[in-house]
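Here is a friendly walk through one model, for a reader who likes to see the cut-offs next to the values. Please have a look at the structure first.

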Amino acid sequence: MDSSKYVRYTAEQVETLERVYADCPKPSSLRRQQLIRECPLLSHIEPKQIKVWFQNRRCREKQRKESCQLQTVNRKLSAMNKLLMEENDRLQKHVSHLVYENGYMKQKLHTAPATTTDNSCESVVVSGQNQQQQNPTPQHPQRDANNPAGLLAIAEETLAEFLSKATGTAVDWVQMIGMKPGPESIGIVAVSRNCSGVAARACGLVSLEPAKVAEILKDRPSWYRDCRSVDTLNVLPTGNGGTIELMYMQTYAPTTLAAARDFWTIRYTTSLEDGSLVICERSLTSSTGGPPGPPTLNFVRAEMLPSGYLVRPCEGGGSIINIVDHLDLDVWTVPEVIRPLYESSKILAQKMTIAALRHIRQIAQETSGEIQYGGGRQPAVLRTFSQRLCRGFNDAVNGFVDDGWSLLCSDGMEDVTIAINSSPNKLIGSHYHSMLPTFGGVLCAKASMLLQDVPPALLVRFLREHRSEWADYGVDSYSAACLKASAYAVPCARPGGIPSSQVILPLAHTVEHEESLEVVRLEGHAFSPQDVALARDMYLLQLCSGVDENAVGACAQLVFAPIDESFADDAPLLSSGFRVIPLDPKSVPDGPAATARTLDLASALDVGPGNRSAGESDVNNYNRRSVLTIAFQFTFESHMQDDVAFMARQYVRSVVGSVQRVAMAISPSRLGSQLGLKSLPGSPEALTLAQWICRSYRVHTGGELLRANSQSEDVLLKQLWRHPDAIMCCSLKTNASPVFTFANQAGLDMLETTLVALQDIMLEKILDEGGRKVLCHEFSKIMQQGFAHLPAGMCVSSMGRAVSYEQAIAWKVLNDDDVNHCLAFSFVNWSFV
């Protein structure tokens with residue numbers, strides 16, 4: 001047969017080829033020849049024709065996928081255009097309303113002098129009464145909770161007020177910074193301005209049908225991490241096919257400094273004439289005309305003003321969602337210093353409104369198969385792990401009496417609170433008792449503190465990446481051992497111990513990477529020959545969220561729990577961690593200056609007499625507070641309660657001190673003179689090391705590392721610090737792996753670390769296999785000759801990013817007695833790959 005002639009395939013031949021295509025879309029030449037030999041239907045067709053068929057089939061598949069993607073994007077753009085047009089109509093109505101009010105006020109101002117000139121108190125009171133009559137506060141008659149007609153009237157009023165907020169001008173909405181509409185964006189998010197309480201609104205698109213979206217939104221505990229419980233007390237059907245539900249909801253307090261909130265609400269679910277689904281909700285209070293629920297111990301009654309969800313079907317599939325959250329959290333019951341937590345609409349938007357949209361979008365992408373997870377875990381299982389970690393941390397922070405928590409007597413200092421739970425079945429599972437026959441319960445040590453000028457995202461990212469800066473390996477060992485049949489002895493402080501290194505293994509992340517679930521492997525090291533039993537790898541399940549510095553009002557959180565190697569789906573999780581919530585609105589300008597901030601602890605090098613660093617100019621523009629909450633949980637045996645309590649209290653105090661030190665280091669205001677920080681040029685050790693590095697380079701290579709016009713040690717150190725090549729030093733010890741001891745600014749940037757965390761990085765961890773082989777081959781040359789030139793290669797930063805360099809120079813650094821002090825490296829023309 002002529003191979004250039006077009007071949008018309010029969011239905012049987014096409015079916016056979018399709019089966020092969022399903023298994024292997026791009027078969028090799030040998031596979032095609034084998035196919036012709038084994039299949040009689042294809043025996044008269046040339047191999048080249050078979051090859052052309054597979055090429056055409058792959059092309060059709062690619063075109064089909066591209067066509068589907070374009071149709072999907074087109075539907076999203078059409079729906080987003082509809083949303084923007086509706087928003088434009090709403091804004092035009094709002095402008096018309098403001099113009100009318102402006103004209104009315106002008107008329108009143110012009111007519112006021114002509115009508116009256118009496119400025120007495122009585123006139124002012126009468127005027128105020130007239131104004132109050134023009135804008136009366138709605139007073140609803142008391143309704144019987146058992147009367148369906150009365151509840152339906154409240155529900156209809158709630159529906160009307162909710163729709164006026166969702167699509168009307170009842171609230172003056174202001175778009176949140178950074179929330180720009182687009183086919184891939186989370187949606188249009190706005191917060192209230194000058195309204196009672198705090199309010200947020202969002203509009204978004206998802207690929208789920210309205211009924212599924214409504215089902216997800218009504219399951220509030222699945223996506224609202226601060227929701228402790230929701231109880232449906234009564235369900236009443238309505239004549240229009242809807243339902244009225246009487247609800248009671250409890251929410252967690254975000255810190256130990258305030259009480260938790262609860263809500264007694266009515267929820268109304270109905271359909272509109274255009275096919276849209278509406279779920280609206282409001283609190284039942286005496287002012288709204290409904291019966292208020294009884295008060296609950298340890299909870300402050302908050303009010304939900306008309307809020308809810310409008311879910312409309314979208315042309316071509318999917319849904320358009322409008323969300324309104326409007327709360328009055330009774331801020332007067334909160335200490336004044338943390339009232340911004342309860343007065344910020346931006347925080348409400350992040351915790352409730354945006355969280356709901358993100359959860360629905362996550363489930364939509366999981367349903368469509370767009371998200372692939374490793375480790376053999378189903379998405380629902382991984383979401384459950386995240387929810388359990390957050391819930392465990394919230395339970396620890398709040399310590400509710402009905403969960404079995406009780407406070408332990410203080411040791412005279414009120415900085416750390418110790419709570420005991422002797423029956424934590426509902427927290428970590430009943431099978432815990434069978435693991436430890438002498439199981440005494442769970443102990444929680446917690447504290448809250450205020451931070452000044454510390455970006456929450458930056459602090460949490462540092463705590464995640466540099467665990468050795470605050471964690472104690474002995475305490476980690478104790479927590480991990482509690483998962484076994486018998487626990488170790490209570491650890492004591494080990495200041496001379498070698499810190500463990502960590503390896504972060506990602507499990508899953510949300511669509512916008514605002515939250516990540518990961519397993520942390522702590523690589524153990526023995527403190528002494530007697531502690532070899534402790535020198536083993538340990539594992540933590542860790543949830544990190546809110547590390548985007550550009551997210552306005554976002555809470556940054558790092559929560560973890562020890563797990564064993566089996567890591568079963570129902571594994572007990574005892575959550576500990578950190579939560580940092582901003583108290584003041586974000587005032588840092590967006591742009592490169594905001595994202596270029598590094599974690600270095602020695603940037604004070606750029607500050608000196610007559611010098612003003614770039615970071616210092618940002619100090620005045622970056623002034624905000626945040627509240628940090630720390631909670632650590634430990635299991636204990638009955639006879640060791642007092643010992644574990646003492647250990648936990650001291651450990652949390654140690655962690656607080658470490659966090660304060662880190663916060664001072666990474667705060668932009670650290671460059672200000674008000675902190676009184678000494679710049680590194682004043683450190684005698686740093687000055688001496690810089691002199692040794694430059695002198696050794698000159699002696700061994702015959703060249704100059706720096707072009708210093710002065711022999712001043714201060715000038716040498718500053719030039720070394722600002723050198724464009726990555727210069728770093730590592731230890732020279734025969735009985736231990738080389739670890740880094742110093743790096744200039746370029747070296748810290750290349751390793752993506754800080755001077756404080758530099759000591760945790762080993763040389764062998766950053767070099768690839770080729771680099772390690774070259775260094776081993778050249779090491780004897782370096783020791784004999786004093787230096788060696790290493791070829792171009794690759795290395796890995798502490799964050800796991802690949803770094804390439806054109807050349808590297810290694811040389812011995814000698815001290816004043818010509819004794820080997822360390823090994824220095826200079827990586828030339830490095831860049832991230």
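Y805 is buried, with a relative accessible area of 6%; buried means under 20% relative accessible area, exposed over 50% and partly exposed in between, with a 1.4 Å probe and protein chains only. F827 counts as buried too, at 2% relative accessibility. Y805 and F827 form an edge-to-face aromatic pair, 4.9 Å centre to centre with 75° between the planes. Rings of Phe, Tyr and Trp (its six-membered ring) pair if their centres lie within 6.5 Å, and planes under 30 degrees apart count as stacked, over 60 as edge-to-face and the rest as tilted.

Because Y805 lies in strand β25 (residues 802–805) and F827 in strand β27 (residues 820–828), the pair ties together parts that are 22 residues apart in sequence. Helices (H or I, at least four residues) and strands (E, at least two) are DSSP runs, numbered from the N terminus.

## How to read the values

This is a predicted model, where local features need pLDDT of at least 70, side-chain atom pairs count only at pLDDT 80 or more, and totals for chains, interfaces and linings use all residues. Residues are numbered from 1 along each chain as its sequence is written, and side-chain values use heavy atoms, with hydrogens and water left out.

By the ring rule, the count comes to 17 aromatic pairs. The rings of W470 and F632 have their centres 6.3 Å apart and their planes at 55°, so this pair is tilted. W470 lies in the loop between α12 (456–465) and α13 (473–481), and F632 in strand β20 (residues 625–637), so the pair ties together parts that are 162 residues apart in sequence. W470 is buried at 3% relative accessibility, and F632 is buried at 4%. One aromatic cluster is formed by W470, F560, F578, F632, F634 and Y651.

Charges meet rings as well. The charged end of R228 sits over the ring of F400, 4.0 Å from its centre, and R57 lies over the face of Y21, at 4.4 Å from the ring centre. The rule asks for NZ of Lys or CZ of Arg within 6 Å of the ring centre and within 35 degrees of the ring normal.

## The nine-stranded sheet

Nine strands form an open sheet in the order β12-β13-β14-β20-β19-β18-β17-β16-β15, with antiparallel pairing; two strands pair if DSSP finds at least two bridges between them. β12 (405–407) and β15 (501–509) stand at the edges with a single partner strand each, so one side of each is left without a neighbour in the sheet. Neighbouring strands are turned by 20° against each other on average, direction ignored. β15 pairs with β16 (residues 515–523) over eight bridges in the antiparallel sense, and L505 has V519 in β16 as its bridge partner.

Helix α9 (residues 379–398) packs on this sheet, touching strands including β12, β14 (439–452) and β15, and its direction makes about 95° with that of β20. Axes are lines fitted to C-alpha atoms, for helices over the stretch in contact, and angles run from 0 to 180 degrees between N-to-C directions. α12 packs on the sheet as well, and its direction makes about 20° with that of β18.

## E209 in its loop

E209 is found in the loop between β3 (198–206) and α6 (210–218) and counts as partly exposed at 45% relative accessibility. Leaving aside neighbours within four places in sequence, E209 is in contact (heavy atoms within 4.5 Å) with G317, G318 and S319.
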